Amino acid sequence: MLPIPFLSFEAQHQPLRDAILKAMARVYDSGQLVLGEEVAGFEKEYARFNGTVECVGVGNGLDALYFALLALDIGPGDEVIVPSNTYIATWLAVTKTGAIPVPVEPDPATSNLNPDLLPAAITPRTRAILPVHLYGQACRMTEIMHIARHYGLSVVEDNAQAQGATFAGQPTGSFGELNGTSFYPGKNLGALGDAGAVTTNNPELAHKIRLLRNYGSQQKYYNDVMGHNSRLDELQAAVLRVKLPFLTTWIAQRQQLATWYNSYLADIPTLGLPAIQPGATHVYHLYVIHTPHRNALQRYLAGRGITTMIHYPVPPHRQLAYKGLALQQPLLIAEQLADTCLSLPLWPGMTQAQIGRIANTIRAYYSEIAI
């Protein structure tokens, strides 16, 4: 029986191989290798897809979030509310500015930032809220935006895992003043290397991001601010332009695969399946289950040719990088989710038979431990 990898690009990349190679050759032949027509074209196309006025391509998702915070003049002495459970890039973007990340616990059912806990975390030094649409499900953005407006705070969305998701019909990555996303290869819309973007409805803030990504310069050799070198590459932009029109189809495939998982795994005791918040859509960048038997189940699946991953085994506050962070309270929900989460294979091109085999193997494990 063939092994089932955690992720495969074959069904996405093979049909597009000729178109992608043609796009890359177009860049090669154009002589425009940095901030040329491909980047400009992709920025317009992705902004249209994401329902925003502006998109600014940058080198990666971390820089997208970092530049968004810098453009809002967030820096030393400021506080930014972040989820307690997220990939560390979310926190790194805050600390790179000199600001302090203030973690707030998630809703255990969805793993997304819990808006009910936000007011208690706000202090006179709070400048922004940085919600993460974790695993591909939209956060409760209507409530988050209401709280932000009430307290006069900015919102920067981390949309790296949720391109194409919506809340109350509005695309994620279009609520905040500035929002960051990643096109790392494994994302729902992935480049062939590192790539990212900032989305916004504010042209003035978009102009700031364009300065920050390009040495602080809008005219060569004239530098308006102290900027950085983090530009979306022309080759990556050309690849993303080929792939973007297929994103909606790939999302639909992901959602169908998740529906099969939900159906086949629904009645297994102690196995927590993804719960979708009313008003939210889920684009299933990851299909994450929760079980107290996580490590044993992962070994069992691996022994039968099924590869899984853990997103994420160590929450940011437990990382050595943040050992000096003074926490106001323990982050028990983040730690519990980290101890029990397991990401199952899910990628466009998977078959119902593969989902059935994975589900049957999980059922077999639970049958054995019940004996």
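Reply: 5 of the 5 residues of β9 are buried, so β9 is largely enclosed by the rest of the structure. Keep in mind that this is a predicted model.

Me: Which residues of β9 point one way, and which the other way?
Reply: The strand has two faces to sort. A197 and T199 point one way, and all residues on both sides are buried. The other way from β9 point G196, V198 and T200.

Me: Which residue is the bridge partner of V56 in β9?
Reply: Start with the strands. β1 and β9 run antiparallel and are joined by 5 bridges. Within β9, the partner of V56 is V198.

Me: Which residue stands opposite V198 on the β8 side?
Reply: β8 also pairs with β9 in the antiparallel sense, over 4 bridges. The residue opposite V198 is G180.

Me: What is the strand order of the open sheet?
Reply: The sheet has 7 strands, and the pairing is mixed. Its edge strands are β1 (54-58) and β3 (100-104), each pairing on one side only. Neighbouring strands are turned by 25° against each other on average, direction ignored. The order is β1-β9-β8-β5-β4-β2-β3.

Me: Which residue of β3 does V82 stand opposite?
Reply: Go to the other end of the order. Strand β2 (residues 79-83) and β3 run parallel, with 5 bridges between them. Opposite V82 stands P103.

Me: At what angle does helix α3 run to β8?
Reply: Helix α3 spans residues 61-71. It lies across β1, β5 (154-158), β8 (178-182) and β9 (196-200). Its angle to β8 is about 170°.

Me: What angle does the direction of helix α7 make with that of β1?
Reply: Helix α7 (residues 203-213) packs on the sheet too. It touches β1, β8 and β9. Its direction and that of β1 make about 10°.

Me: Which residues of the largest pocket are the closest to its centre?
Reply: The largest pocket holds about 660 Å³ of space. Its lining counts 29 residues. The closest to the centre are Y87, S182, Y184, K187 and Y312.

Me: Which elements give two or more residues to the lining of the largest pocket?
Reply: Class first: the lining divides into 14 nonpolar, 11 polar and 4 charged residues. The elements giving two or more are α3, α4 (89-96) and β8.

Me: Which element gives the largest share of the lining of the second largest pocket?
Reply: About 390 Å³ of space lies in the second largest pocket. Of its 18 lining residues, V102, P103, A121, Q328 and Q329 are the closest to the centre. The largest share, 5 residues, comes from β3.

Me: Which helix gives the largest share of the lining of the largest cavity?
Reply: The search finds 2 cavities of 30 Å³ or more. The largest has about 90 Å³ of space. Its lining includes Y135, H311, Y312 and C341. The largest share, 3 residues, comes from helix α11 (residues 332-340).

Me: How many nonpolar, polar and charged residues line the largest cavity?
Reply: L134, V314, P315 and L337 are among the lining residues. N85 and T86 are there as well. The count by class is 9 nonpolar, 3 polar and no charged.

Me: How many charged residues line the second largest cavity?
Reply: This cavity has about 40 Å³ of space. D107, R140 and Q277 are among the residues that line it. The lining has 3 nonpolar and 4 polar residues, and the charged ones number 2.

**A buried loop residue**

Me: How far apart in space are A165 and H282, C-alpha to C-alpha?
Reply: A165 lies in the loop between β5 and β6 (166-167). A165 is buried, because its relative accessible area is 0%. Its contacts include G136, A138, T281 and V283. A165 and H282 are 117 residues apart in sequence, but in space the distance is 5.9 Å.

Terms used. Residues are numbered from 1 along each chain as its sequence is written. This is a predicted model: local features need pLDDT of at least 70, side-chain atom pairs count only at pLDDT 80 or more; totals for chains, interfaces and linings use all residues. Side-chain values use heavy atoms; hydrogens and water are left out. On a 1 Å grid over the protein atoms alone, a cavity is a set of points where a 1.4 Å probe fits but cannot get out, and a pocket is an open set with protein on both sides within 12 Å along at least five of seven lines; lining residues have an atom within 4 Å of a point. Grid points are joined across faces, edges and corners, and a volume is the space filled by probe spheres set on the points. Ala, Val, Leu, Ile, Met, Phe, Trp, Tyr, Cys and Pro count as nonpolar, Asp, Glu, Lys and Arg as charged, and the others, Gly among them, as polar. Two strands pair if DSSP finds at least two bridges between them. Axes are lines fitted to C-alpha atoms, for helices over the stretch in contact, and angles run from 0 to 180 degrees between N-to-C directions. Contact means heavy atoms within 4.5 Å. Buried means under 20% relative accessible area, exposed over 50%, partly exposed in between (1.4 Å probe, protein chains only). Lists of a residue's contacts leave out its neighbours within four places in sequence.
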